[in-house]
Amino acid sequence: LSRLNRPYLVVLRTPGTFAETVALTSAPVLVRRYISELDVLITSTLKTIFYVNTAPKNLHMLQYLGINQIQLNHGDSDKAPSYRRIFRMYDKNFVAGQAAIDRFANNGVVVPREAFEIVGRPQVEAVKIEQAPIATRDLKRVLYAPTWYGYLQDSRYSSLPIGERVVRALMNRGCVVVFRPHPWI
């Protein structure tokens, strides 16, 4: 959002992540726990609201008409939470790439193409993708970033239960393993 060179603020609905969020941005960070506290945020200059998840409390802001509502699909996973029908309630869905759009269609979730905007993966754009086979590298570095267990049966899986075996096998092949678990693991 900082790259847009437009003023913005971050609104949290629960205070638990306030300190961590303030440390991540120079933008103002507000906590608005109750629906009645949201009304004061709605001004004539507010044009767009970005959502980082599909939490039920998003509905409290979606009620304000005339404001662009954009879902930031922060993950790019084949898990069901990445293609739920609830994404249709937003004006736009920002996704990593065509695979994310196809995932909706491949799972029977009809979303008009114009409701998607491909924005890439800004959080990993500085990661260099090796072009040569890893076996040819002197330093073999592998990122292991297991996903989290979902709340519902259709997403209650992760490679973490076999993660030690995965990491050990990579290390036995001379790899340096960078472990980056999902924050909820």
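**Group meeting: a walk through the chain**

So, of the 185 residues in this chain, 26% count as buried, where buried means under 20% relative accessible area with a 1.4 Å probe and protein chains only. Before I go on: this is a predicted model, where local features need pLDDT of at least 70 and side-chain atom pairs count only at pLDDT 80 or more, while totals for chains, interfaces and linings use all residues. Residues are numbered from 1 along each chain as its sequence is written, and side-chain values use heavy atoms, with hydrogens and water left out.

Okay, the overall picture. We've got 4 helices and 8 strands, taken as DSSP runs (H or I, at least four residues, for helices; E, at least two, for strands) and numbered from the N terminus. Reading from the N terminus, the order goes β-α-β-β-α-β-β-α-β-β-α-β. Along the principal axes, the C-alpha atoms fill a box of roughly 60 × 40 × 30 Å.

Tyr144, for one, has Phe179 in β8 as its bridge partner. To get from β7 to β8 the chain goes through helix α4, residues 163–172, and this β-α-β crossover is right-handed, meaning that with the strands pointing away from the viewer, the path from the first strand over the helix to the second runs clockwise.

Last thing, contacts, meaning heavy atoms within 4.5 Å. Among those between residues at least 6 apart in sequence, 39% join residues at least 24 apart.

Conventions. Two strands pair if DSSP finds at least two bridges between them. Buried means under 20% relative accessible area, exposed over 50%, partly exposed in between (1.4 Å probe, protein chains only).
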